[in-house]
Structure formats: structure tokens, C-alpha cells
Amino acid sequence: IELSLITLDGISVKNGSVVGTGDTGVWVGQNSAVLNVTVRWGGDEGIYAFKGSTISGNRVYENDDEGIVTGEGSTVSGNAAYGNGGHGIVTGPGSTVSGNTVRSNSGNGLRFIGSDSAYSGNVISNNTAGTVTGSGVEFGQNVCDGNTTCP
């Protein structure tokens, strides 16, 4: 399945592949899900989702900007975000980020915007700007550049 720019609320995008877009690979509205999608070589973000969305099981790499960006109250789990031109994963307030592998991005591995977000079980390494930035709270063991203590 080849996907392009999608901007609907409450939809599910599953089991797809997006390669070489000039814009964002997958863009979904609020309360949507992006599951098991590979996004590579996007001209902007790999995946962009509005508030209340679930982003899970995706492989997002070598995009020009961030790998994954979500709005408030979203869940980001089990993804691999690497080699992106910006941050690996960026979330809005009240989001949960767990079980992701985030490495070799030009920005931070994780960037939390706003408050009340939490992260656990992530492996974060070799990101140019560092591992974690913003006000995310570590609520379970993460590994940041080989250490079990993350910022």
C-alpha cells in the first residue's frame, strides 16, 4: 500500500509504506491511529498526528525533519525512529511514550512539549542534540546512551 498525505480525524492507517514524499509521510487528524507503517525519505516529518492519537509499531527513518510528532494526550509505543533530520519523537502535553527505539537523529531522541507527559522502556542513543528534552517524567526504566538514568 502506498500512502500519502492523510488529514482525516478518527482514522486508522495500517501496514503501509511511504517512501520519498516531498512533504510529511503520514498526516492524520485527532483520535487517529498509525500502526505498522514504514516512512522513509519524507520531505518533512515522517508521521504527524493530532491530539489523542495512537502511533504504534512504525519504522520512521531518514526524514528531513522529525520522525514522529503528536499532539496532546497521544500514545507513542513500539516505534523505531532513526536517522531523521530533527528530533526522533516529539509529543504534546499529557502523552505517553513507551517501548521505542530512538537513535541517530539530528535533534534530541525525545522532545516533550508542555507538561504531564511520561516515558518508559525506551532505548535512546546517539542523537546529536541529546537524549531527552522538555518536561517528560520518566515512569519506568529507559536506556539513554547506555545509562539506565535518563534526564
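Modeller: What follows takes those features in turn.
The model is predicted, so local features need pLDDT of at least 70 and side-chain atom pairs count only at pLDDT 80 or more, while totals for chains, interfaces and linings use all residues. Residues are numbered from 1 along each chain as its sequence is written, and side-chain values use heavy atoms, with hydrogens and water left out.

Colleague: How many aromatic pairs does a search of the whole structure find?

Modeller: Rings of Phe, Tyr and Trp (its six-membered ring) pair if their centres lie within 6.5 Å; planes under 30 degrees apart are stacked, over 60 edge-to-face, and the rest tilted. The search of the whole structure gives 5 aromatic pairs. One of them, W27 with Y48, is stacked, at 4.6 Å centre to centre and 25° between the planes. W27 belongs to strand β3 (residues 26-28) and Y48 to strand β6 (residues 47-49), so this pair ties together parts 21 residues apart in sequence. Strands here are DSSP runs of E, at least two residues, numbered from the N terminus. Ring pairs also link W27, Y48 and F50 into a cluster.

Colleague: Is V97 buried or exposed?

Modeller: Buried means under 20% relative accessible area and exposed over 50%, with partly exposed in between (1.4 Å probe, protein chains only). V97, in strand β13 (residues 96-98), has 0% relative accessibility and counts as buried. By the same cut-offs, W27 is partly exposed at 26%, and Y48 is partly exposed at 24%.

Colleague: Which residues touch the most other members of the largest nonpolar core?

Modeller: A nonpolar core is a set of buried Ala, Val, Leu, Ile, Met, Phe, Trp, Tyr and Cys residues joined through side-chain atoms within 4.5 Å. In soluble globular proteins, nonpolar side chains tend to be buried together. Here the largest core has 25 residues, and V26, I47, I89 and L110 touch the most other members. The elements giving two or more residues to this core are β3, β6 and β15 (108-112). In β15, 4 of the 5 residues are buried.

Colleague: Which strands pair with β15?

Modeller: Two strands pair if DSSP finds at least two bridges between them. Strand β12 (residues 89-91) pairs with β15 in the parallel sense over 3 bridges, and L110 in β15 is the bridge partner of I89. Strand β18 (residues 130-134) also pairs with β15 in the parallel sense, over 4 bridges; there T133 in β18 is the bridge partner of R111.
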